[in-house]
Amino acid sequence: MYRHPVRVALIISLSLAPMNAAVGQSPLPDENPVDPYAISNANAGATPYTHKRYFEQFGGQAGIDQIVADFTHRVLEDPIIGDIFFAIDQVRFKRTLSEQFCYILGGPCDYTGRPMQSLHEAHGITQREFNVLVENLQLSMAEFQVPFRIQNKLLAKLAPMSSEIISR
């Protein structure tokens, strides 16, 4: 029927690729829809480790999910930063943060969230609030017995993002 099936497949895939890259991921059942944006691992704000050792030392995806759930609870309860997180979509926050940690730690994940600066610019986050956030993350990692030196591997990747997160 088609003389060049490879060419037809290539044309189909190229015509679909820009559409997939231009829209956000479909929300999970409990997630609120978001405006379209370009999905890219570059939005994670850091390059990933090239091995899975740190991902595994965090307990893999299940361990990361537990740490993110604990961390989310801590920041919501925190008297200094709780209000910042109270109004955001908790389901989406947990999903995209888990993806970000998995991706950065060398796990088999892609990050589907927005770029760091566009995520945080409306919140007017201060240096103090950023430091409190990091302290809560350290408490969550310690709670799940991530070795201190491995905690620092993740923090080393996240720390340079402070310039995209702190705006006051």
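Reader: How much space lies in the largest pocket?

Author: The model is predicted, so local features need pLDDT of at least 70 and side-chain atom pairs count only at pLDDT 80 or more, while totals for chains, interfaces and linings use all residues. Residues are numbered from 1 along each chain as its sequence is written, and side-chain values use heavy atoms, with hydrogens and water left out. On a 1 Å grid over the protein atoms alone, a pocket is an open set of points where a 1.4 Å probe fits, with protein on both sides within 12 Å along at least five of seven lines. Its volume is the space filled by probe spheres set on the points. Here the largest pocket holds about 820 Å³.

Reader: Which residues lie nearest the centre of the largest pocket, and which helices supply its lining?

Author: Lining residues have an atom within 4 Å of a point. The largest pocket has 35 of them, and Phe85, Phe93, Leu97, Leu119 and His120 lie nearest its centre. Helices are DSSP runs (H or I, at least four residues), numbered from the N terminus. At least two lining residues come from each of α4 (82-86), α5 (90-104), α6 (116-120), α7 and α8. The largest share, six residues, belongs to α5.

Reader: How does the lining of the largest pocket divide by class?

Author: Ala, Val, Leu, Ile, Met, Phe, Trp, Tyr, Cys and Pro count as nonpolar, Asp, Glu, Lys and Arg as charged, and the others as polar. The lining has 24 nonpolar, seven polar and four charged residues.

Reader: At what angle do α3 and α5 pack?

Author: Axes are lines fitted to C-alpha atoms over the stretch in contact, and angles run from 0 to 180 degrees between N-to-C directions. Helix α3 (residues 60-77) packs against α5 at about 135°, with the axes 9 Å apart. The two helices are therefore oblique to each other; angles under 35 degrees count as roughly parallel, over 145 as roughly antiparallel, 65 to 115 as roughly perpendicular and the rest as oblique. Contact means heavy atoms within 4.5 Å; among the residues that meet are Ile64, Val68 and Phe71 in α3 and Phe93, Leu97 and Phe101 in α5. This contact has eight nonpolar, four polar and two charged residues.

Reader: How do α7 and α8 cross?

Author: The axes of α7 (residues 127-143) and α8 (residues 148-158) come within 11 Å and cross at roughly 155°. That makes α7 roughly antiparallel to α8.
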